[in-house]
Amino acid sequence: MGRRKNSNDNNMNQSSHSHHSHNSKIRFEDPEEEEEETTQCSNNLDESMCDPECSDKAIDEPNDVSFMDGDDKTSADYYFDSYSHFGIHEEMLKDVVRTKTYQNVIYQNKFLFKDKVVLDVGAGTGILSLFCAKAGAAHVYAVECSHMADMAKEIVEANGFSNVITVLKGKIEEIDLPVAKVDIIISEWMGYFLLFENMLNTVLHARDKWLVDDGVVLPDKTSLYLTAIEDAEYKDDKIEFWNNVYGFDMSCIKKQALMEPLVDTVDQNQIVTNCQLLKTMDISKMAPGDASFTAPFKLVAERDDYIHALVAYFDVSFTKCHKLTGFSTGPRSRVTHWKQTVLYLEDVLTICEGEAIVGSLAVAQNKKNPRDVDIMLKYSLNGRRCMVSKTQHYKMR
Amino acid sequence: MATISNHPQSEEEPKNHEFDDEEEEEENEDEELEGWDDWEAEDEAAEGDEEEGSDSSLLCLFCDSRYGSCDTLFDHCISSHHFDFRGVRTKLGLDFYGGFKLINYVRSQVAERRCWICGVTCESSQGLQNHKHETFSIEDIKPLWDDDRYLKPFMEDDSLLYTFGEDEEGEGEDDYNASIDKDELMRDLKKYEEICIDDENTGDMIVYNADNSDKNGRKGVASASNGHLDVAGSSKKASKDKHLRGSFPTLLSKDIKNVNENYFGAYSSYGIHREMISDKLRTDAYRQAILKNPSLLNNAVVMDVGCGTGILSLFAAQAGASRVIAVEASEKMAAVATQIAMDNGLWQSKSQNEGNKHSTGVIEVVQGMVEELDKSSKIQPHSVDVLLSEWMGYCLLYESMLSSVLFARDQWLKPGGAILPDTATIFVAGFGKGGTSFPFWENVYGFNMSCIGKELVGDAAKIPIVDIVDNHDIVTNSTVLQTFDLATMNHDDVDFTASAELEPYSGGSTGMSNDMECQTRSCYGVVLWFETGFTSRFCKEMPVVLSTSPYTPKTHWSQTILTFLEPIAMASGKPSGDRLAAIGTEACPATKIQLRVSIARAVEHRSIDISLETAGIGSDGRKCKWPVQIFNLH
């Protein structure tokens, strides 16, 4: 069986930028934090970090979500967050699949951008705005609520695009655009498991407020998939680990570990069943509530094997391009920083070729913390070697 | 079998769940459900008899009476049902969890119309109420409920479970003191209930916090919080704690008061512990020191300060210690450590007169801050042979438990007793551009983003960065900054000022392109790391060193990076080209860098301030000083 890479080991290979790459050891693996920062709420944290005395000011900012977080954090967090804040941008930029796809979409479809007004939602370093400007956009409004907005301004200037790109610091929900309508909304809003701490609602808000009737949202389509994998070795490492720790039994800790979806890369050879489409979203049409859903699935085994986990991943496409462009974060595609999301099953299923795991996956925002995702997995297998019917709950936080 | 815990699962290969197994489990579950339904029915029937209205939320263990306070309820139990809950607790010295289990046990028995003492099943609930015992030994029946399955609330929303312990606040001298956040516990327990519904094969300990651990374990975030279990509490765990608090906004108001509690609450995240235990270098060093020095550990009384999962205590027990006192401030982790010690047959039951299976163990878990243990007189002063702790933080001292260890040493270690590890040394070396953020940001998909690199390096001149440094990026020699002898040092020695001198590294580094031309390299800052020694002073058979150096395999401590205000050009021994140029510039590289480093505990909880004075020495002996830099991590 193919093996997942240990992310730390990956980092070891990137010695030239050891800080950031290794920083992932410290913070990147905490995906929710990072996603959040890239997207909406980093300003408070960053400012507090750069100047700890300013934390009051930061808390005063009317960003309720991060208000709570900011309030909760110790200054040690400010430090880590700030450092990893840049780190996540570095990681995302280095995610070639992600950044190159956007670059290709923009550079190879200049007809879309020529003389158009573009809104970049959650601009971060401003890289997408720079691509658009270079592709001939009439004007680009790059909206970023975090401290990165200041950096983006400097970057835009340093690269000579000040006349085309306007960086606006603030939340989409509160900001005033100097124009009434925009022709294109571009954003990289996707989170782990597509929906974890994502910026989708912000994009939809911007769409409803500013996009012209025949306007374009980039990307405009995304789908979530589910498949099942053999994963004995890694489940041993992450879950069964507790059964035997240097010869001692710590299995009482194991149950908690099972509730946590694991963001990690899965080797395609581990896939035992078909990949089932769970949900497709059309970003140009959908309503915000559509991101919570329950979807049935049927996973048919393509060989005799054990099943240790179900794996979720998503793809993203830009259907308005000359030719359909997009990328997948699935195990059969080149690895992205989103990796895949692994849901370990309590029991190991023994499945024979042709037998099916059927069930449903329910995805919902956590009521207490909307950025968290609650997942309820119901599944049953009625096979020759194994009969099981079960419900498992997972929480991404 | 959702409620059965204590399955040692190590031998279970859950590979192949055959149908038969499943069925068996289903049956058991059904059985429980039946009991449950009965109970519900009786419960409803009783509704009309309520005397005290909505305040009477506490349901009697035996009949349908409800009461507004534990005391009245327990009084009623004594007079009507001959069950003296408080008496039993006192007699057996039951801690909070013990009482918790007892209540659930009794409820579960009564629901099935079984006598909680003798197990006889009665025809009706009335019959059970009339069924009485004159004399019995409460000690004899304790094992009946001393099972973790009874940590699962038998009755939904059983208010009794989180009120019965309330009056004892402050007098908890037992292994678990009574100042448990009952609300939180109940939330956890409820969560556990939810989680358990469909769960058939593990009924684990429920007293650790689901939310918290979820968070931490999922992606090994733990490394961020460097985590060893810290008795006296450290905010590196607190950095995770935000999630706990984020999930429970009601706790926010208590934050300030409960700083310590929250810190410790955060330790309950098992992810940290997996990270630490998986830090093989760390765990192996301790394991070797403990197992390979039999003359030290055999028959010794050992104290493990900040035991976490208890792994070091387990090693000590394995090494033949006669008694292991595992001290842990986090309630939840203390409970987990207890469970683990039990599961491994190494737990020393508190009731010594009891002949159950646990009594052979040597480990006792004591929950509390080490500084506050002296209140419990169970441990004699100066009675410990070996003091064991994994107390080190980032940069050795950042949020370390060192002062707690020293406190424990002075309080409990025998004169001449061993302390493991017994030495700790901080090293320093200079690093080059590759150790900074600059290179990446200079060209990003054809765009120049170096302002971010500058910003990062600017910040790094104020705030230490904890990260792995590639040893190829080290451009100077490495030298000792400070050494601590844990056996002899004073508490005040934790704060220190030390000097060091760095010279350009003469080894075969290949990193810098301008090496060939002028052998000038820029030093962008210094990296600090530490080693701890289990020296031959105590570890006579096998001394061990645990190093967190960039030259040895990485540990979860990484290294600590202090960045200079500006890079200092260095060249070895070359006469300076330009006598007018400033030292440390390309035109006049420094031949040495002199450092003066102070590390002092900051006012805030467990954090440290680091001050760094830097001076470059030119080949002509001229000296250039840079402004002192203060790095703080609060």
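Guide: In this predicted model, one aromatic cluster is formed by Y107(A), F131(A), F161(A), Y445(B) and F447(B).

Over all chains, the structure holds 22 aromatic pairs. Among them is the pair of F248(A) and F315(B), which is tilted, with 5.9 Å from centre to centre and 55° between the planes. This pair crosses between chains. On the chain A side, F248(A) belongs to the loop between α12 (232–238) and α13 (254–258), whereas F315(B) belongs to helix α15 (residues 311–318) of chain B. F248(A) is buried, with a relative accessible area of 4%, and F315(B) is likewise buried, at 0% relative accessibility.

A further pair is found within chain B, where the ring centres of F407(B) and W412(B) are 6.3 Å apart. Their planes stand at 70°, and because an angle over 60 degrees counts as edge-to-face, the pair is assigned to that class. The two partners can also be described by their accessibility: F407(B) is partly exposed, with a relative accessible area of 22%, while W412(B) is buried, with a relative accessible area of 2%.

Burial may also be followed along a helix of chain B. Eight of the eleven residues of helix α19 (residues 450–460) are buried, so this helix is largely enclosed by the rest of the structure. The buried residues of α19(B) are S450(B), C451(B), I452(B), G453(B), L456(B), V457(B), D459(B) and A460(B).

A disulfide is a covalent bond between the sulfur atoms of two cysteines. A search of the whole structure finds zero disulfides over all chains. C588(B) provides an example: the cysteine sulfur closest to its own is that of C624(B), at 9.3 Å, which is too far for a bond, because a disulfide requires the two sulfur atoms to lie within 2.5 Å. C588(B) is itself buried, with a relative accessible area of 0%, and C523(B) is another buried cysteine, at 0% relative accessibility.

Methods
Residues numbered from 1 in each chain as written. Chains lettered and ligands numbered in written order. Predicted model: local features only at pLDDT ≥ 70, side-chain atom pairs only at ≥ 80, totals over all residues. Heavy atoms only, no water. Phe/Tyr/Trp six-rings, centres within 6.5 Å; stacked < 30°, edge-to-face > 60°. Helix = DSSP H or I, 4+ residues; strand = E, 2+ residues; numbered from the N terminus. Buried < 20%, exposed > 50% of the residue type's maximum accessible area, 1.4 Å probe, protein only.
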